[in-house]
Amino acid sequence: MSLLQVSELTFCYEGSFDNIFEDMSFSVDTDWKLGFIGRNGKGKTTLLNLLLGKYNYEGSIIADKVFDYFPYQVSESELDMTVDDLSESWKPGVENWRIICEINSLGVDPEILYRPIRTLSHGERTKAMLAVLFSGENEFLLVDEPTNHLDKDGREIVKKYLNTKKGFILVSHDRDLLDAVCDHMLVLNRESVEAMSGNFSSWWENKQRADINAIAENEKHMKEISKLKLAADRAGRWADKNENTKIGFDPIKEHDRNISTRAYIGAKTKKMQSRVKNFEKRIGREIEDKEGLLNDIEKVDDLKLIPLTHHKKCLVECRDFSLGYNVNNETKNILEGITFQLLQGDILFLNGENGCGKSSLIKAILNDVSGRNIEGGDSSDLLLSSDISNMVTAGKLETASGLVVSYINQNTSQLRGSLKEYAKKHDLDYSIFLTLLRKLDMSRVQFEKNMEEYSEGQKKKVLIAASLLRSAHIYIWDEPMNYIDVFSRMQIEALIESFKPTMIVVEHDARFREKLATKVIDL
(Lines give C-alpha, C1' and ligand atoms only; values in the text may rest on other atoms or scores of the structure.)
Protein backbone atom coordinates (compact mmCIF):
# COMPACT_ATOMS: atom_id res chain seq x y z
CA MET A 1 0.00 0.00 0.00
CA SER A 2 1.32 3.42 -1.03
CA LEU A 3 0.17 6.51 0.86
CA LEU A 4 -0.07 10.23 0.28
CA GLN A 5 0.31 11.86 3.70
CA VAL A 6 -0.42 15.54 4.30
CA SER A 7 0.42 16.81 7.79
CA GLU A 8 -0.33 20.21 9.37
CA LEU A 9 -0.50 21.91 5.97
CA THR A 10 -0.85 25.69 6.16
CA PHE A 11 -0.92 27.92 3.07
CA CYS A 12 -1.83 31.48 2.18
CA TYR A 13 -1.41 33.33 -1.12
CA GLU A 14 0.94 36.28 -0.91
CA GLY A 15 -1.02 39.44 -0.17
CA SER A 16 -4.20 37.50 0.66
CA PHE A 17 -6.39 38.32 3.64
CA ASP A 18 -6.93 34.74 4.79
CA ASN A 19 -5.33 31.29 4.94
CA ILE A 20 -6.57 28.82 2.36
CA PHE A 21 -5.48 25.90 4.60
CA GLU A 22 -4.57 25.90 8.28
CA ASP A 23 -3.03 22.84 10.01
CA MET A 24 -4.77 20.49 7.58
CA SER A 25 -3.89 16.77 7.81
CA PHE A 26 -5.12 13.69 5.96
CA SER A 27 -3.84 10.43 4.50
CA VAL A 28 -5.05 8.60 1.36
CA ASP A 29 -4.03 5.49 -0.57
CA THR A 30 -2.57 6.34 -3.98
CA ASP A 31 -4.35 3.33 -5.54
CA TRP A 32 -7.76 4.83 -4.77
CA LYS A 33 -10.15 6.39 -7.27
CA LEU A 34 -10.51 9.46 -5.12
CA GLY A 35 -13.28 12.01 -5.67
CA PHE A 36 -12.38 15.46 -4.33
CA ILE A 37 -15.15 17.96 -3.51
CA GLY A 38 -15.66 21.17 -1.56
CA ARG A 39 -17.28 24.57 -1.83
CA ASN A 40 -16.06 26.99 -4.50
CA GLY A 41 -13.00 28.86 -3.24
CA LYS A 42 -12.15 26.24 -0.58
CA GLY A 43 -8.85 25.47 -2.32
CA LYS A 44 -9.27 22.25 -4.33
CA THR A 45 -7.13 23.38 -7.28
CA THR A 46 -4.74 25.10 -4.83
CA LEU A 47 -4.18 21.78 -3.03
CA LEU A 48 -3.40 20.07 -6.34
CA ASN A 49 -0.85 22.79 -7.13
CA LEU A 50 0.71 22.33 -3.68
CA LEU A 51 1.07 18.60 -4.39
CA LEU A 52 2.82 19.57 -7.63
CA GLY A 53 5.24 21.75 -5.64
CA LYS A 54 4.20 25.02 -7.28
CA TYR A 55 4.01 27.03 -4.03
CA ASN A 56 5.86 27.23 -0.73
CA TYR A 57 3.89 26.03 2.29
CA GLU A 58 4.18 25.10 5.96
CA GLY A 59 3.74 21.49 7.06
CA SER A 60 4.63 18.36 5.09
CA ILE A 61 3.47 16.44 2.01
CA ILE A 62 4.91 12.93 1.69
CA ALA A 63 4.32 10.54 -1.23
CA ASP A 64 6.39 7.90 -3.01
CA LYS A 65 4.73 8.46 -6.39
CA VAL A 66 5.13 11.17 -9.03
CA PHE A 67 2.25 13.64 -9.51
CA ASP A 68 0.92 14.76 -12.88
CA TYR A 69 -1.89 17.21 -13.53
CA PHE A 70 -4.81 17.57 -15.97
CA PRO A 71 -5.40 19.82 -17.84
CA TYR A 72 -2.00 20.59 -19.35
CA GLN A 73 -1.45 24.29 -19.98
CA VAL A 74 -1.21 25.39 -23.62
CA SER A 75 0.16 28.84 -24.41
CA GLU A 76 -0.99 30.94 -27.35
CA SER A 77 2.24 30.14 -29.21
CA GLU A 78 1.65 26.38 -28.73
CA LEU A 79 -1.84 26.32 -30.23
CA ASP A 80 -0.41 25.64 -33.69
CA MET A 81 1.58 22.67 -32.38
CA THR A 82 0.22 19.12 -32.06
CA VAL A 83 -0.33 16.93 -29.01
CA ASP A 84 2.44 14.72 -30.38
CA ASP A 85 4.79 17.73 -30.44
CA LEU A 86 3.95 18.73 -26.86
CA SER A 87 3.61 15.33 -25.17
CA GLU A 88 7.32 15.15 -24.26
CA SER A 89 7.20 18.53 -22.48
CA TRP A 90 3.94 17.58 -20.75
CA LYS A 91 5.20 14.17 -19.60
CA PRO A 92 8.97 13.74 -20.04
CA GLY A 93 9.94 10.26 -21.21
CA VAL A 94 6.43 9.31 -22.37
CA GLU A 95 6.27 6.63 -25.05
CA ASN A 96 4.16 7.39 -28.10
CA TRP A 97 2.69 3.88 -28.37
CA ARG A 98 1.26 4.20 -24.87
CA ILE A 99 -0.52 7.44 -25.81
CA ILE A 100 -1.99 5.75 -28.90
CA CYS A 101 -3.25 2.83 -26.74
CA GLU A 102 -4.92 5.29 -24.35
CA ILE A 103 -6.50 7.36 -27.14
CA ASN A 104 -7.92 4.15 -28.62
CA SER A 105 -9.41 3.31 -25.20
CA LEU A 106 -11.18 6.67 -25.36
CA GLY A 107 -12.73 5.71 -28.69
CA VAL A 108 -10.94 8.44 -30.62
CA ASP A 109 -8.99 8.23 -33.87
CA PRO A 110 -5.25 8.70 -33.07
CA GLU A 111 -5.06 11.24 -35.92
CA ILE A 112 -6.11 13.98 -33.47
CA LEU A 113 -2.63 13.64 -31.92
CA TYR A 114 -1.15 15.03 -35.13
CA ARG A 115 -3.54 17.94 -35.72
CA PRO A 116 -2.84 21.49 -34.46
CA ILE A 117 -4.37 21.96 -31.03
CA ARG A 118 -6.11 25.09 -32.31
CA THR A 119 -8.25 22.88 -34.57
CA LEU A 120 -9.35 20.48 -31.80
CA SER A 121 -12.73 20.81 -30.09
CA HIS A 122 -13.03 20.95 -26.27
CA GLY A 123 -13.85 17.26 -26.24
CA GLU A 124 -10.93 16.30 -28.47
CA ARG A 125 -8.47 18.32 -26.38
CA THR A 126 -9.77 16.73 -23.19
CA LYS A 127 -9.44 13.19 -24.55
CA ALA A 128 -5.98 13.81 -26.01
CA MET A 129 -4.70 15.26 -22.73
CA LEU A 130 -6.21 12.39 -20.72
CA ALA A 131 -4.46 9.92 -23.05
CA VAL A 132 -1.12 11.58 -22.31
CA LEU A 133 -1.90 11.84 -18.59
CA PHE A 134 -2.60 8.11 -18.17
CA SER A 135 0.29 6.90 -20.34
CA GLY A 136 2.88 6.97 -17.53
CA GLU A 137 3.78 4.58 -14.70
CA ASN A 138 4.07 4.84 -10.90
CA GLU A 139 2.12 8.11 -10.85
CA PHE A 140 -0.68 9.55 -8.78
CA LEU A 141 -2.73 11.64 -11.18
CA LEU A 142 -4.52 14.91 -10.39
CA VAL A 143 -7.55 15.31 -12.66
CA ASP A 144 -9.16 18.74 -12.34
CA GLU A 145 -12.74 19.00 -13.67
CA PRO A 146 -12.33 17.02 -16.91
CA THR A 147 -15.98 17.27 -18.02
CA ASN A 148 -16.42 21.05 -18.02
CA HIS A 149 -17.70 22.18 -21.44
CA LEU A 150 -18.17 18.55 -22.57
CA ASP A 151 -21.49 17.44 -24.03
CA LYS A 152 -23.45 14.40 -22.87
CA ASP A 153 -21.65 11.92 -25.15
CA GLY A 154 -18.23 13.34 -24.22
CA ARG A 155 -19.04 12.99 -20.53
CA GLU A 156 -20.11 9.38 -21.00
CA ILE A 157 -16.84 8.53 -22.76
CA VAL A 158 -14.73 10.18 -20.04
CA LYS A 159 -16.83 8.50 -17.33
CA LYS A 160 -16.34 5.02 -18.79
CA TYR A 161 -12.64 5.65 -19.36
CA LEU A 162 -11.92 6.86 -15.81
CA ASN A 163 -13.90 3.92 -14.44
CA THR A 164 -11.24 1.58 -15.88
CA LYS A 165 -8.41 3.49 -14.15
CA LYS A 166 -7.15 3.85 -10.59
CA GLY A 167 -4.63 5.95 -8.70
CA PHE A 168 -6.04 9.45 -9.18
CA ILE A 169 -7.71 12.41 -7.48
CA LEU A 170 -10.75 13.59 -9.45
CA VAL A 171 -11.95 17.14 -8.78
CA SER A 172 -15.50 17.34 -10.07
CA HIS A 173 -18.91 18.81 -9.24
CA ASP A 174 -20.70 16.32 -11.51
CA ARG A 175 -22.54 13.98 -9.12
CA ASP A 176 -23.19 11.43 -11.85
CA LEU A 177 -19.47 11.23 -12.68
CA LEU A 178 -18.42 10.98 -9.02
CA ASP A 179 -20.91 8.16 -8.41
CA ALA A 180 -19.85 6.19 -11.49
CA VAL A 181 -16.07 6.53 -11.09
CA CYS A 182 -14.99 6.99 -7.45
CA ASP A 183 -14.49 4.43 -4.69
CA HIS A 184 -13.37 6.98 -2.05
CA MET A 185 -14.12 10.65 -1.34
CA LEU A 186 -11.90 13.44 -0.03
CA VAL A 187 -14.05 16.31 1.24
CA LEU A 188 -13.06 19.83 2.22
CA ASN A 189 -15.72 20.60 4.81
CA ARG A 190 -16.27 24.06 6.24
CA GLU A 191 -13.77 23.55 9.07
CA SER A 192 -12.21 20.13 8.49
CA VAL A 193 -11.11 17.61 5.87
CA GLU A 194 -12.26 13.99 5.74
CA ALA A 195 -11.47 10.94 3.62
CA MET A 196 -13.94 8.03 3.47
CA SER A 197 -14.78 5.02 1.33
CA GLY A 198 -17.68 5.12 -1.12
CA ASN A 199 -18.87 7.40 -3.92
CA PHE A 200 -20.58 10.79 -3.70
CA SER A 201 -24.09 9.47 -2.97
CA SER A 202 -22.93 7.24 -0.11
CA TRP A 203 -20.87 10.13 1.32
CA TRP A 204 -23.83 12.52 1.03
CA GLU A 205 -26.17 10.04 2.75
CA ASN A 206 -23.68 9.64 5.61
CA LYS A 207 -23.16 13.41 5.69
CA GLN A 208 -26.88 14.13 6.07
CA ARG A 209 -27.15 11.52 8.82
CA ALA A 210 -24.11 12.95 10.63
CA ASP A 211 -25.50 16.49 10.36
CA ILE A 212 -28.82 15.40 11.87
CA ASN A 213 -26.98 13.68 14.75
CA ALA A 214 -24.76 16.73 15.30
CA ILE A 215 -27.78 19.05 15.43
CA ALA A 216 -29.57 16.70 17.88
CA GLU A 217 -26.43 16.43 20.04
CA ASN A 218 -26.05 20.22 19.99
CA GLU A 219 -29.67 20.68 21.11
CA LYS A 220 -29.12 18.18 23.95
CA HIS A 221 -26.07 20.09 25.14
CA MET A 222 -27.90 23.42 24.89
CA LYS A 223 -30.75 22.08 27.09
CA GLU A 224 -28.27 20.73 29.63
CA ILE A 225 -26.38 24.05 29.67
CA SER A 226 -29.66 25.92 30.20
CA LYS A 227 -30.60 23.65 33.13
CA LEU A 228 -27.16 24.01 34.73
CA LYS A 229 -27.21 27.79 34.37
CA LEU A 230 -30.63 27.91 36.02
CA ALA A 231 -29.46 25.69 38.90
CA ALA A 232 -26.23 27.70 39.30
CA ASP A 233 -28.18 30.96 39.38
CA ARG A 234 -30.61 29.58 41.99
CA ALA A 235 -27.78 28.22 44.20
CA GLY A 236 -25.90 31.53 43.85
CA ARG A 237 -28.93 33.52 45.00
CA TRP A 238 -29.40 31.17 47.96
CA ALA A 239 -25.76 31.58 48.95
CA ASP A 240 -25.96 35.39 48.73
CA LYS A 241 -29.17 35.50 50.74
CA ASN A 242 -27.73 33.17 53.40
CA GLU A 243 -24.49 35.19 53.60
CA ASN A 244 -26.47 38.36 54.27
CA THR A 245 -27.93 36.82 57.47
CA LYS A 246 -24.52 36.33 59.14
CA ILE A 247 -24.41 39.74 60.79
CA GLY A 248 -27.27 41.33 62.70
CA PHE A 249 -30.49 39.70 63.91
CA ASP A 250 -33.66 40.57 65.85
CA PRO A 251 -33.49 38.76 69.29
CA ILE A 252 -37.30 38.92 69.65
CA LYS A 253 -38.09 37.46 66.22
CA GLU A 254 -35.04 35.12 66.14
CA HIS A 255 -34.97 34.06 69.82
CA ASP A 256 -33.29 30.73 68.95
CA ARG A 257 -30.23 32.47 67.44
CA ASN A 258 -27.05 33.86 69.03
CA ILE A 259 -23.62 35.13 68.01
CA SER A 260 -22.19 31.60 67.62
CA THR A 261 -24.68 30.90 64.80
CA ARG A 262 -22.46 32.89 62.41
CA ALA A 263 -20.02 29.99 62.01
CA TYR A 264 -22.85 27.65 61.02
CA ILE A 265 -24.22 30.15 58.47
CA GLY A 266 -20.71 30.70 57.05
CA ALA A 267 -20.16 26.95 56.58
CA LYS A 268 -23.56 26.59 54.92
CA THR A 269 -22.82 29.52 52.58
CA LYS A 270 -19.41 28.04 51.68
CA LYS A 271 -21.07 24.74 50.77
CA MET A 272 -23.58 26.52 48.54
CA GLN A 273 -20.81 28.54 46.84
CA SER A 274 -18.89 25.29 46.23
CA ARG A 275 -22.00 23.88 44.58
CA VAL A 276 -22.15 26.96 42.31
CA LYS A 277 -18.53 26.39 41.27
CA ASN A 278 -19.31 22.75 40.45
CA PHE A 279 -22.24 23.88 38.30
CA GLU A 280 -19.94 26.33 36.49
CA LYS A 281 -17.37 23.58 35.82
CA ARG A 282 -20.08 21.32 34.41
CA ILE A 283 -21.32 24.18 32.23
CA GLY A 284 -17.76 24.65 30.95
CA ARG A 285 -17.47 20.93 30.13
CA GLU A 286 -20.83 20.94 28.32
CA ILE A 287 -19.80 24.00 26.28
CA GLU A 288 -16.47 22.34 25.45
CA ASP A 289 -18.25 19.15 24.32
CA LYS A 290 -20.62 21.25 22.21
CA GLU A 291 -17.87 23.22 20.47
CA GLY A 292 -17.32 22.21 16.86
CA LEU A 293 -20.49 20.13 16.56
CA LEU A 294 -22.00 22.47 13.95
CA ASN A 295 -18.77 23.63 12.28
CA ASP A 296 -19.17 21.32 9.28
CA ILE A 297 -22.95 21.52 8.91
CA GLU A 298 -23.80 22.38 5.31
CA LYS A 299 -26.40 25.08 5.91
CA VAL A 300 -28.10 25.86 2.62
CA ASP A 301 -29.98 29.15 2.77
CA ASP A 302 -33.17 29.44 0.75
CA LEU A 303 -32.87 31.63 -2.33
CA LYS A 304 -35.66 33.73 -3.77
CA LEU A 305 -36.71 34.56 -7.29
CA ILE A 306 -39.40 36.95 -8.52
CA PRO A 307 -40.39 35.88 -12.06
CA LEU A 308 -42.74 38.12 -14.02
CA THR A 309 -46.07 36.97 -15.42
CA HIS A 310 -46.73 37.71 -19.09
CA HIS A 311 -50.19 38.29 -20.57
CA LYS A 312 -49.50 35.67 -23.26
CA LYS A 313 -49.28 31.95 -22.50
CA CYS A 314 -46.74 31.20 -25.26
CA LEU A 315 -43.55 33.21 -24.89
CA VAL A 316 -41.35 31.69 -27.62
CA GLU A 317 -42.43 29.73 -30.68
CA CYS A 318 -40.26 28.02 -33.29
CA ARG A 319 -41.79 26.30 -36.30
CA ASP A 320 -39.66 24.63 -38.97
CA PHE A 321 -36.89 26.97 -37.88
CA SER A 322 -33.45 26.65 -39.46
CA LEU A 323 -30.30 28.52 -38.58
CA GLY A 324 -26.92 28.80 -40.24
CA TYR A 325 -24.01 31.16 -40.85
CA ASN A 326 -22.87 32.92 -43.99
CA VAL A 327 -19.24 31.93 -44.56
CA ASN A 328 -17.54 33.10 -47.78
CA ASN A 329 -20.94 33.79 -49.34
CA GLU A 330 -22.11 30.26 -48.55
CA THR A 331 -24.73 29.41 -45.92
CA LYS A 332 -23.81 26.52 -43.65
CA ASN A 333 -26.81 25.32 -41.64
CA ILE A 334 -26.26 24.00 -38.11
CA LEU A 335 -29.95 23.71 -37.15
CA GLU A 336 -32.79 22.58 -39.38
CA GLY A 337 -36.53 22.08 -38.89
CA ILE A 338 -36.69 22.98 -35.18
CA THR A 339 -40.25 23.17 -33.83
CA PHE A 340 -41.27 23.91 -30.22
CA GLN A 341 -43.26 26.22 -27.99
CA LEU A 342 -42.05 27.70 -24.71
CA LEU A 343 -45.08 28.21 -22.48
CA GLN A 344 -45.13 30.07 -19.18
CA GLY A 345 -43.80 27.74 -16.46
CA ASP A 346 -41.81 25.57 -18.89
CA ILE A 347 -38.22 24.72 -18.02
CA LEU A 348 -36.79 23.85 -21.41
CA PHE A 349 -33.39 22.16 -21.64
CA LEU A 350 -31.49 22.25 -24.94
CA ASN A 351 -29.58 19.01 -25.22
CA GLY A 352 -27.00 17.88 -27.75
CA GLU A 353 -23.33 17.50 -28.53
CA ASN A 354 -20.92 20.44 -28.62
CA GLY A 355 -21.30 22.49 -31.78
CA CYS A 356 -24.85 21.34 -32.53
CA GLY A 357 -26.25 24.89 -32.25
CA LYS A 358 -27.54 25.25 -28.68
CA SER A 359 -25.87 28.61 -28.02
CA SER A 360 -26.70 29.77 -31.55
CA LEU A 361 -30.40 29.09 -30.95
CA ILE A 362 -30.19 31.14 -27.74
CA LYS A 363 -28.51 33.99 -29.65
CA ALA A 364 -31.28 33.86 -32.25
CA ILE A 365 -33.94 34.13 -29.52
CA LEU A 366 -32.10 37.02 -27.87
CA ASN A 367 -31.70 38.68 -31.24
CA ASP A 368 -35.46 38.41 -31.85
CA VAL A 369 -36.04 40.12 -28.51
CA SER A 370 -33.68 42.68 -30.14
CA GLY A 371 -32.23 44.03 -26.91
CA ARG A 372 -35.60 45.39 -25.87
CA ASN A 373 -35.45 43.97 -22.37
CA ILE A 374 -32.40 41.73 -22.07
CA GLU A 375 -30.57 42.02 -18.77
CA GLY A 376 -27.22 40.55 -17.76
CA GLY A 377 -24.42 38.67 -19.48
CA ASP A 378 -23.28 41.74 -21.45
CA SER A 379 -25.84 40.74 -24.05
CA SER A 380 -25.49 44.01 -25.93
CA ASP A 381 -21.95 42.97 -26.85
CA LEU A 382 -23.25 39.55 -27.86
CA LEU A 383 -25.91 41.00 -30.15
CA LEU A 384 -23.34 43.17 -31.92
CA SER A 385 -20.92 40.27 -32.44
CA SER A 386 -19.96 39.13 -35.92
CA ASP A 387 -21.66 35.73 -35.60
CA ILE A 388 -25.02 37.49 -35.14
CA SER A 389 -24.46 39.64 -38.22
CA ASN A 390 -23.53 36.53 -40.23
CA MET A 391 -26.50 34.50 -38.96
CA VAL A 392 -28.98 33.28 -41.57
CA THR A 393 -32.40 31.99 -40.48
CA ALA A 394 -35.46 30.49 -42.12
CA GLY A 395 -38.87 29.44 -40.84
CA LYS A 396 -40.64 30.94 -37.85
CA LEU A 397 -39.05 32.23 -34.63
CA GLU A 398 -41.35 34.49 -32.68
CA THR A 399 -41.04 35.92 -29.17
CA ALA A 400 -43.87 37.59 -27.25
CA SER A 401 -43.89 41.39 -27.24
CA GLY A 402 -42.71 43.16 -24.12
CA LEU A 403 -40.67 40.14 -23.05
CA VAL A 404 -38.13 40.69 -20.25
CA VAL A 405 -35.21 38.23 -20.35
CA SER A 406 -32.54 37.55 -17.71
CA TYR A 407 -29.53 36.02 -19.43
CA ILE A 408 -26.42 34.20 -18.22
CA ASN A 409 -23.65 33.89 -20.78
CA GLN A 410 -21.39 30.83 -20.42
CA ASN A 411 -18.36 33.13 -20.78
CA THR A 412 -16.95 34.76 -17.60
CA SER A 413 -14.07 36.68 -19.19
CA GLN A 414 -16.02 39.98 -18.99
CA LEU A 415 -15.94 39.90 -15.17
CA ARG A 416 -13.36 42.48 -14.12
CA GLY A 417 -13.08 45.04 -11.37
CA SER A 418 -14.94 45.16 -8.07
CA LEU A 419 -18.38 43.80 -7.20
CA LYS A 420 -19.51 47.36 -6.47
CA GLU A 421 -18.55 48.46 -10.01
CA TYR A 422 -20.32 45.41 -11.46
CA ALA A 423 -23.50 46.12 -9.46
CA LYS A 424 -23.49 49.76 -10.56
CA LYS A 425 -22.95 48.84 -14.22
CA HIS A 426 -25.87 46.38 -14.17
CA ASP A 427 -28.14 48.51 -11.96
CA LEU A 428 -28.21 45.99 -9.08
CA ASP A 429 -28.90 46.84 -5.44
CA TYR A 430 -25.39 46.38 -4.04
CA SER A 431 -26.34 45.32 -0.49
CA ILE A 432 -28.92 42.77 -1.72
CA PHE A 433 -26.40 41.53 -4.30
CA LEU A 434 -23.84 40.86 -1.55
CA THR A 435 -26.50 39.19 0.61
CA LEU A 436 -27.35 36.83 -2.23
CA LEU A 437 -23.67 36.00 -2.80
CA ARG A 438 -23.35 35.22 0.93
CA LYS A 439 -26.28 32.83 0.59
CA LEU A 440 -24.37 31.18 -2.27
CA ASP A 441 -21.57 30.69 0.29
CA MET A 442 -19.13 33.35 -0.88
CA SER A 443 -17.18 34.62 2.12
CA ARG A 444 -17.11 38.33 2.95
CA VAL A 445 -13.36 38.47 2.42
CA GLN A 446 -13.98 37.81 -1.31
CA PHE A 447 -16.03 41.01 -1.55
CA GLU A 448 -12.86 43.07 -1.12
CA LYS A 449 -11.13 41.42 -4.09
CA ASN A 450 -11.40 42.17 -7.79
CA MET A 451 -13.27 39.56 -9.79
CA GLU A 452 -10.14 38.66 -11.79
CA GLU A 453 -8.88 36.97 -8.59
CA TYR A 454 -11.99 34.77 -8.26
CA SER A 455 -12.10 31.08 -9.09
CA GLU A 456 -14.26 30.14 -12.08
CA GLY A 457 -16.93 28.85 -9.70
CA GLN A 458 -17.03 32.16 -7.84
CA LYS A 459 -17.34 34.05 -11.14
CA LYS A 460 -20.28 31.84 -12.10
CA LYS A 461 -21.92 32.66 -8.77
CA VAL A 462 -21.63 36.38 -9.57
CA LEU A 463 -23.53 35.81 -12.84
CA ILE A 464 -26.15 33.60 -11.16
CA ALA A 465 -26.71 36.08 -8.31
CA ALA A 466 -27.12 38.94 -10.80
CA SER A 467 -29.63 36.90 -12.81
CA LEU A 468 -31.64 35.94 -9.72
CA LEU A 469 -31.90 39.60 -8.68
CA ARG A 470 -33.69 40.48 -11.90
CA SER A 471 -37.41 39.99 -12.35
CA ALA A 472 -37.96 38.51 -15.81
CA HIS A 473 -40.45 36.58 -17.92
CA ILE A 474 -37.76 34.16 -19.12
CA TYR A 475 -34.44 33.17 -17.55
CA ILE A 476 -32.03 32.00 -20.24
CA TRP A 477 -28.97 30.28 -18.76
CA ASP A 478 -26.18 29.00 -21.00
CA GLU A 479 -24.11 26.39 -19.10
CA PRO A 480 -24.62 28.05 -15.70
CA MET A 481 -23.38 25.11 -13.59
CA ASN A 482 -19.84 24.79 -14.98
CA TYR A 483 -17.45 25.00 -11.98
CA ILE A 484 -20.34 25.43 -9.47
CA ASP A 485 -19.91 23.24 -6.37
CA VAL A 486 -22.37 20.41 -5.70
CA PHE A 487 -23.91 22.12 -2.64
CA SER A 488 -24.75 25.27 -4.59
CA ARG A 489 -26.12 23.12 -7.43
CA MET A 490 -28.57 21.48 -5.04
CA GLN A 491 -29.42 24.91 -3.60
CA ILE A 492 -30.23 26.28 -7.08
CA GLU A 493 -32.23 23.13 -7.92
CA ALA A 494 -34.37 23.74 -4.82
CA LEU A 495 -34.88 27.39 -5.86
CA ILE A 496 -36.08 26.48 -9.37
CA GLU A 497 -38.33 23.71 -8.04
CA SER A 498 -39.89 26.14 -5.58
CA PHE A 499 -40.50 29.18 -7.83
CA LYS A 500 -40.94 27.40 -11.19
CA PRO A 501 -39.74 30.25 -13.46
CA THR A 502 -39.94 29.99 -17.22
CA MET A 503 -36.48 28.99 -18.38
CA ILE A 504 -34.34 27.97 -21.35
CA VAL A 505 -31.26 26.14 -20.08
CA VAL A 506 -28.17 24.63 -21.69
CA GLU A 507 -26.60 22.32 -19.12
CA HIS A 508 -24.75 19.01 -19.40
CA ASP A 509 -25.17 18.00 -15.73
CA ALA A 510 -27.47 14.97 -16.10
CA ARG A 511 -28.77 15.14 -12.51
CA PHE A 512 -29.59 18.84 -12.83
CA ARG A 513 -31.48 18.25 -16.09
CA GLU A 514 -33.34 15.15 -14.89
CA LYS A 515 -34.55 16.91 -11.76
CA LEU A 516 -35.79 20.15 -13.34
CA ALA A 517 -36.63 19.73 -17.04
CA THR A 518 -40.27 19.91 -18.08
CA LYS A 519 -39.23 19.81 -21.76
CA VAL A 520 -36.05 18.63 -23.47
CA ILE A 521 -35.14 19.36 -27.08
CA ASP A 522 -32.46 17.09 -28.51
CA LEU A 523 -30.58 19.02 -31.18
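Trainee: Hi! What does "buried" mean for a residue here?
Mentor: Buried means under 20% relative accessible area, while exposed means over 50%. Keep in mind that this is a predicted model.

Trainee: Okay, so is Ile365 buried or exposed?
Mentor: Ile365 has a relative accessible area of 2%, so it is buried. You'll find Ile365 in helix α9.

Trainee: How many residues of α9 are buried?
Mentor: Nine of the 12 residues are buried, which leaves α9 mostly covered. Among them are Leu361, Ile362, Ala364 and Val369.

Trainee: And what length does α9 reach?
Mentor: From first C-alpha to last, α9 (residues 358-369) reaches 17 Å, close to the expected 16 Å.

Trainee: How far is Ile365 from Glu398?
Mentor: Their C-alpha atoms are 8.1 Å apart in space, and 33 residues separate them in sequence.

Trainee: New topic! Which residues gather in the patch of negative charge?
Mentor: That surface patch has Glu8, Glu22, Asp23 and Glu58. Asp23 sits in strand β2, and Glu8 in strand β1.

Trainee: Are Glu8 and Asp23 buried or exposed?
Mentor: Glu8 is exposed because its relative accessibility is 54%. Asp23 is exposed too, at 52%.

Trainee: What about phi of Glu8?
Mentor: It is positive, near 50°. Most residues other than glycine have a negative phi. Asn138, in the loop between α4 and β6, also has a positive phi, about 50°.

Trainee: Last one: where is the cis peptide bond?
Mentor: It joins Phe70 and Pro71, with omega about 5°. Pro71 belongs to the loop between β5 and α2. Most peptide bonds are trans.

Notes: Residues numbered from 1 in each chain as written. Predicted model: local features only at pLDDT ≥ 70, side-chain atom pairs only at ≥ 80, totals over all residues. Heavy atoms only, no water. Helix = DSSP H or I, 4+ residues; strand = E, 2+ residues; numbered from the N terminus. Expected span 1.5 Å × (residues − 1). Buried < 20%, exposed > 50% of the residue type's maximum accessible area, 1.4 Å probe, protein only. Patch = residues over 30% accessible without salt bridge, like charges linked within 9 Å, V, L, I, M, F, W, Y side chains within 5 Å. Areas by Shrake-Rupley, 256 points an atom, 1.4 Å probe, with all protein chains shown as cover. Salt bridge = Lys/Arg side-chain N within 4 Å of Asp/Glu carboxyl O. Lys, Arg positive; Asp, Glu negative; His and termini not counted. Charge placed at Lys NZ, Arg CZ, Asp CG, Glu CD.
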